[in-house]
Amino acid sequence: MKVRGIIYGSVILCLLQICLSSCGEDDLKKAAKLSEKVALNRDRTTGVDIIYSDSAKVKAQGFAPILDKVTPANGAVYQEMPKGVKINFIDEITTKIKGSITSDYAIMKDTEKLTIFKRNVVVVNENMTFNTEELVWDQNKKLFLSPKGVVTKPDGTVLNAVDFTATEDFNFINWKNGSGETYVPDNFGE
């Protein structure tokens, strides 16, 4: 019986402590103001498979385990892929995959027309592989941009690229202040 009395007494003391430490009227007003500032609507879709086409031709196919469409109370709508994304670029004629982008996180800012890929970003096509921690696709400029990364070519050339830019199809790439290692064929200059 003494154990039961001790348990009931402990429970009553805990409840009394909770009642005495509850929010005051001013605290509730502050919480209401805070919630108004950060209120947002989040629609979650799982197992996303999106096909992008132009003029009835498939250009790309994207996969994301989770896609959150976020509508803040004040601000622009954006789409977030917190578990990563993989985008395959499709050849219009052969309908085969001609390249891809993968990352551990991505966010699409609808009003700015920017897509930002972050963490373990890898771009692969037949001409190169590009590894970086951040890659931005600017739809207005039709360019991919990255502050820095590593370009690896099929011949074994490895380049550290700073201020990397590439066209949407990655056929034309440019960077500044690059350094690296390249291989020159034996018959070069003949």
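**Salt bridges and their setting**

Modeller: In this predicted model, Asp68 and Arg44 form a salt bridge whose closest N and O atoms are 2.7 Å apart. Asp68 belongs to strand β2 (residues 57–72) and Arg44 to strand β1 (residues 40–54), so the pair ties together parts that are 24 residues apart in sequence. Asp68 is buried, because its relative accessible area of 1% falls under the 20% limit. Arg44, by contrast, is exposed, with a relative accessible area of 53%.

The structure holds 2 salt bridges. The other joins the side chains of Glu92 and Lys59, at 2.5 Å from N to O. Glu92 sits in the loop between β4 (85–90) and β5 (97–103), while Lys59 is in strand β2; this pair therefore ties together parts that are 33 residues apart in sequence. Glu92 is partly exposed, at a relative accessible area of 38%, and Lys59 is also partly exposed, at 25%.

Two or more lining residues come from each of β1, β2, β3 (78–81), β4, β5, β6 (105–109) and β7 (114–125). By class, the lining has 21 nonpolar, 9 polar and 8 charged residues.

Conventions: Residues are numbered from 1 along each chain as its sequence is written. This is a predicted model: local features need pLDDT of at least 70, side-chain atom pairs count only at pLDDT 80 or more; totals for chains, interfaces and linings use all residues. Side-chain values use heavy atoms; hydrogens and water are left out. A salt bridge is a side-chain nitrogen of Lys or Arg within 4 Å of a carboxyl oxygen of Asp or Glu. Helices (H or I, at least four residues) and strands (E, at least two) are DSSP runs, numbered from the N terminus. Buried means under 20% relative accessible area, exposed over 50%, partly exposed in between (1.4 Å probe, protein chains only). Ala, Val, Leu, Ile, Met, Phe, Trp, Tyr, Cys and Pro count as nonpolar, Asp, Glu, Lys and Arg as charged, and the others, Gly among them, as polar.
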